[in-house]
Amino acid sequence: MEATALSHLRICDFTGQLAGAGATKFLAAFGAEVIRIEDPVAQGRWDILRGIPPFKPGQAGLEYGGAFNNHNVEKLGITLNLRTDRARDVLRKLVSVSDVVSENFAAGVLDRWGFGYEELKRIRPDIIYVSNCGFGHIGPYVRYKTWGPIVQAVSGLTFSSGLAGQPPAGWGYSYMDHTGAYYMAMAILMAIYHRNRTGEGQWVDMASTEAGAVLNGPALLDYTVNGRPLRRPGSPDSNRSQYPSLAPHGIYPAAGEDNWVAIACRDDEEWNRLAEVIAVPRAADDRYKALAGRLTDEDELDRLLCEWTRQRTAAETTGLLQSRGIPVTPVRRPGERIDADPNTGAWGLWPTVQHAAMGAVRVDGMPVHLSRTDWSLNRGAPCLGEHNDHVLREILGYSTAEIAGFRADGVI
Amino acid sequence: MSGPLAGVKVIEFCDEMGDWAGKLLADMGATVMKVEPPGGSRTRGYGPFLDDIPGPERSLWFWHYNTNKQSVVLDVAAARDRLAFAALVADADVLIEDAPPGRMAALGLDWSDLQTTNPRLIHVSITAFGRSGPGTGDAFTDLTLLAGGGPAWSCGYDDHSLPPVRGGGNQGYQTACHYAVMALLVALLERDVSGLGQFVEVNGNAAANVTTEASSYSWLVAGQTVQRQTGRHAGVNPSINTQIRCADGRYATTGLPPRRGDDFRRMLGWLDQLGFRAEFDQWPFLELGMERDRIDLAMLAEDPEAAAIFGAGRDCVNFIAARLPAYEFFTQGQERGFQVGIVYSPEEMMEDPHFKARGFPTAVAHPELDREFVYPGAPYAFEKSKWSIQRRAPLLGEDTDEALAPYR
């Protein structure tokens, strides 16, 4: 099934990595025609994910990067050597028939190539230009460079993830590449909605550090309103739940090697049911019956729970508590949630795409379903210049002879 | 309102899980009517509270998640108010709700009921596990979504006797909301073409699962399992520590070590400007690094000198980080072209000069308190149709009469 929801939209796409490519992947999954531009001289390596692991067994090289494929499914790929005037003409032609130009280079890169916002507007007055970099295009740190971990560190997200008395644990991946891409996708879609109403294009300047900072939640207002910083003794302790106040609330050891189970009691009733299952006298202690008592000595409460969870597997604990309506789950390993969680399987969350070089490969799907015009992922990421002929001939109207000339002269 | 969603009318019937989606729409100009039960949303009882005194108009949680929204009190247990709810939705573009599976149908307010009177309606359902299928009835919190859905496996410490960590700030709920907003915007743009609404189903467990970067694709592509590490990416293979405790006790992240000849020249220059060369006995390797075009990481095993140069560069940036206050390290490093960062607490980020210059901290008036408070600002800077907070979160039932007047 072809996705059709956004098939009326064309994106001239300079994004890469995940922070940008993730945004246009979402649009492509819903049928937008995303035309990804790569540099033939650098063999597309302005996106470092091209050609780096993970690889399928027995594969390696430029066309086989597993992350690159995951983030660029359903996109068209063309090469343009923008050092040449003829490639710059091709780009102008592409911009003139595109709704959006998207990029996540360091601030100023597109400008230096002569395709800054002012020039894009000259080519197409209602163009929507969405740029996404760490610190944005305005402000004292405009020259500073980032990647996911730096964005997370500066925005406060690294600090707010950790256990009391330990250094920040941070996020063990580029959470803000994912989430920066989500905000970039929202920005593109909202700017199109605005253009459809008013005829007006615009530039959206995204600084992913700011997209990260809005995610810190009510803790930030506790500072700006009450003057209470998150940096204070014993804080943060993000496995616990200070707001709303819940206890017990944490990740506890299970039997076996590096196995864990998460448990939360949302009210006294849930704790009383849990205490019945634990069935040791200490759990039945009156002081734990109300939340205030459980919060008074949360460390002791957690020790009690650990002694109990340690004696059984995460699956056993989950079974016992789930049937009693208590929030509980094993901390799932990748294989467990991808191949053994019936919820993600039934959702169709891991579609298989066909990649011209890699063959069949599974990718991240979308956690949403639309009843009438749903997403669809079938085609893998483009190989370098895979769609040069299609895009230049069918969309931009160049003749076969002109395209052959471009190829011979190193334009594409 | 001047945002890109001006004119879009949204009915929000959300608790803690879906509030964020409504805020994202309201801050971009949509009219978002939050339907609250008599007595108010449960989250009005969530801390922190203004001056630590609880009260339905004092919840900073509620303030944060409900800027720009209107409050309409309806008791959906009563038939009359269910009719009012249906009437509001009949005139709306979007209904967004996070009710447990089955509840909207039991109320007679599900998509199948509502779309007959409003075929242009986009009904967004946010649930933890989807509307139907395995696990949809399971109890959950933000913690269990992040633990069962993948993120927690990748977060924590090198010491695996410490548990995996849930990142702070309700990211499980917020990730579901991000997808809810993205999907409903797709449906809005599609409606521009077809004239028809549709039902949008969001699965929070699935949203967490596809927000785990290499954890998922390392397994999907290569059958490999990443392992958590302190303050840096979980990896299939262990990597070197990049989170350094600076001289003022705060942490910095040192990023990617020098690799090109010019990187080593600037690194040695920095070391000299600080007068630290004598203390860093690997400095001769930095000089050797200056003579190289670049260090090829794939060649470290076969080229011991390259390995020593690369190791010296990495050690040097960590050496400097440990001897400077975190902010000095961050700004001096970045001014010299090194991708390094400071681990700010959320409140420290709000005080940083860059974000102040960009106007990120945003003053919001609370007229009934005769005070103004600072809120986090825009996640994206639109040139023309701008993000804004026009009004603080609504007082309970503040807009009920006005919202229902046309239907009474």
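Q: In which sense do strand 10 and strand 11 of chain A pair, and over how many bridges?

A: Strands are DSSP runs of E of at least two residues, helices are runs of H or I of at least four, and both are numbered from the N terminus. Two strands pair if DSSP finds at least two bridges between them. In this predicted model, strand 10 (residues 352-355) and strand 11 (residues 359-362) of chain A pair in the antiparallel sense over four bridges. A hairpin joins strand 10 of chain A to strand 11 of chain A through three residues, and A:Val353 stands opposite A:Val361.

Q: What should I know about the numbering and the confidence limits?

A: Residues are numbered from 1 along each chain as its sequence is written, while chains are lettered from A and ligands numbered from 1 in the order in which they are written. As the model is predicted, local features need pLDDT of at least 70 and side-chain atom pairs count only at pLDDT 80 or more, whereas totals for chains, interfaces and linings use all residues.

Q: Which residues of strand 10 of chain A are on the covered face, and which on the uncovered one?

A: A:Val353 and A:His355 form the covered face of strand 10 of chain A, and A:Thr352 and A:Gln354 the uncovered one.

Q: Which residues of helix 10 of chain A are buried?

A: A residue is buried if 20 or more other C-beta atoms lie within 10 Å of its own, exposed if 12 or fewer, and partly exposed in between; C-beta atoms are placed from the backbone. In helix 10 (residues 268-278) of chain A, the buried residues are A:Glu270, A:Trp271 and A:Leu274. Seen down the axis of helix 10 of chain A, they fall within an arc of 100°, so they line one face of the helix; the arc is that of the directions from the helix axis to the C-beta atoms. A:Glu269 and A:Glu276 are exposed on the other side of helix 10 of chain A. The cover over the buried residues includes helix 11 (291-296) and helix 13 (314-322) of chain A.

Q: Where is A:Gly234, and is A:Gly234 buried or exposed?

A: A:Gly234 belongs to the loop between helix 9 (219-226) and strand 7 (249-253) of chain A. A:Gly234 is exposed, with 7 other C-beta atoms within 10 Å.

Q: How many residues of chain A are in contact with chain B?

A: Two residues are in contact if their C-beta atoms, placed from the backbone, lie within 7 Å. Here 133 residues of chain A are in contact with 127 residues of chain B. Helix 7 (residues 175-198) of chain A supplies the largest share of the chain A side, 16 residues. Strands take part in joining the chains too: three bridges link strand 12 (residues 368-370) of chain A to strand 6 (residues 198-203) of chain B, and the two run antiparallel. A:Val368 stands opposite B:Val202 in that strand of chain B.

Q: Which residues touch the most other members of the largest nonpolar core?

A: A nonpolar core is a set of buried Ala, Val, Leu, Ile, Met, Phe, Trp, Tyr and Cys residues joined through C-beta atoms within 7 Å. The largest has 252 residues, of which A:Ile188 and B:Ala180 touch the most other members. Helix 7 of chain A gives the most to this core, with 15 residues. Leaving aside neighbours within four places in sequence, the contacts of B:Ala180 include B:Gly18, B:Ile96 and B:Val202.
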